[in-house]
Amino acid sequence: MHNEPFALLQQAVALHQRGERRRAIPLYEQVLAQEPDNGWALFFRGVAAEEEELFDAAGGYYARAAASGFGEPELLIARGGLAMKQGQWTEAVGHYEAALRIAPEIAALWHNLGLALKRLDRLSEARMVWAESMRLRRGCPADPSAILDADERRALRRANGPKLAHDLAQLRWLRAERVAGPEVEPAIAALVRDRRPAAAAAS
């Protein structure tokens, strides 16, 4: 990555992480003007569009990121979450299954895959993946088939795209690019376990 796009992306990610999405978006656009296939910029730009409920635009950015060869599980998590919001259950299953091949330790992925399978009336499969989710974390209902739609919506807001994907991607990108040091590792581990960092829980 060239110095100027890298610096712009650093600024954009920092702004986005502080909740200043509107200031971050022009910086993502500047990065993409110089590097149209920058996977991280495309991913974060898609997250920003999804946060604004511009779902078609978000899907376009995610698709471009995938076409660029960007293979991070966060992208698949986000695409699965977006498909769920649009009622595209089969597509959601495909994205979640692909993400689980990369990151099977993320309990929220198993849980959300179960939600998508339930929508497709594939209840025996849903129970199996929920059992794996329960093995990885506490807090899933003892009887997955008893989950109500209201619970599903709460689960999606808590653990599904773009929140989980966004937070994980930001921390992993900062760590990979040596912008942040090893002090972020506990936060990454907490998100992987589908628990909010202490600062987020207190807000």
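This is a predicted model: local features need pLDDT of at least 70, side-chain atom pairs count only at pLDDT 80 or more; totals for chains, interfaces and linings use all residues.

Q: At what angle do the axes of α4 and α5 cross?
A: Start with the two axes and the angle between them. Here α4 covers residues 55-67 and α5 covers residues 73-85. Their axes come within 10 Å and cross at roughly 150 degrees.

Q: Are α4 and α5 roughly parallel or roughly antiparallel?
A: Angles over 145 degrees count as roughly antiparallel. α4 and α5 are therefore roughly antiparallel to each other. The crossing of α4 past α5 is left-handed.

Q: Which residues make the contact between α4 and α5?
A: Look at each side in turn. α4 brings F55, A58, G59, Y62, A63, A65 and A66. α5 brings L75, A78, R79, L82 and K85. By class, the contact of α4 with α5 holds 9 nonpolar, 1 polar and 2 charged residues.

Q: How are α6 and α7 placed against each other?
A: Helix α6, residues 89-102, packs on α7 at about 155 degrees, and the axes are 9 Å apart. That angle makes α6 roughly antiparallel to α7. α6 also passes α7 in a left-handed crossing.

Q: Which residues of α6 and α7 meet?
A: From α6 come W89, A92, V93, Y96, E97, A99 and L100. They meet L109, W110, N112, L113, A116, L117 and R119 of α7. The contact of α6 with α7 divides into 11 nonpolar, 1 polar and 2 charged residues.

Q: How many residues are in the largest nonpolar core?
A: A core is read by its members and where they come from. The largest one has 25 residues. L9, Y28, F43 and Y62 have the most contacts inside it. α1, α2, α3, α4 and α5 each supply at least two residues of this core. The largest share, 7 residues, comes from α3.

Q: Which residues does the second core include?
A: The second core is separate and has 22 residues. Among them are A99, A108, L115 and A116.

Q: What is the phi of E53, and where does E53 lie?
A: Check the backbone angle, then the place. E53 has a positive phi of about 65 degrees, yet is not a glycine. E53 sits in the loop between α3 and α4. With a relative accessible area of 60%, E53 is exposed.

Q: Is D121 buried or exposed?
A: Exposed means over 50% relative accessible area. D121 has 65%, so D121 counts as exposed. D121 lies in the loop between α7 and α8. Its phi is positive, about 60 degrees, although D121 is not a glycine.

How values were computed. Residues are numbered from 1 along each chain as its sequence is written. Side-chain values use heavy atoms; hydrogens and water are left out. Axes are lines fitted to C-alpha atoms, for helices over the stretch in contact, and angles run from 0 to 180 degrees between N-to-C directions. Helices (H or I, at least four residues) and strands (E, at least two) are DSSP runs, numbered from the N terminus. Angles under 35 degrees count as roughly parallel, over 145 as roughly antiparallel, 65 to 115 as roughly perpendicular and the rest as oblique. A crossing is left-handed if the near helix is turned anticlockwise from the far one by less than a right angle, and right-handed if clockwise. Contact means heavy atoms within 4.5 Å. Ala, Val, Leu, Ile, Met, Phe, Trp, Tyr, Cys and Pro count as nonpolar, Asp, Glu, Lys and Arg as charged, and the others, Gly among them, as polar. A nonpolar core is a set of buried Ala, Val, Leu, Ile, Met, Phe, Trp, Tyr and Cys residues joined through side-chain atoms within 4.5 Å. Buried means under 20% relative accessible area, exposed over 50%, partly exposed in between (1.4 Å probe, protein chains only).
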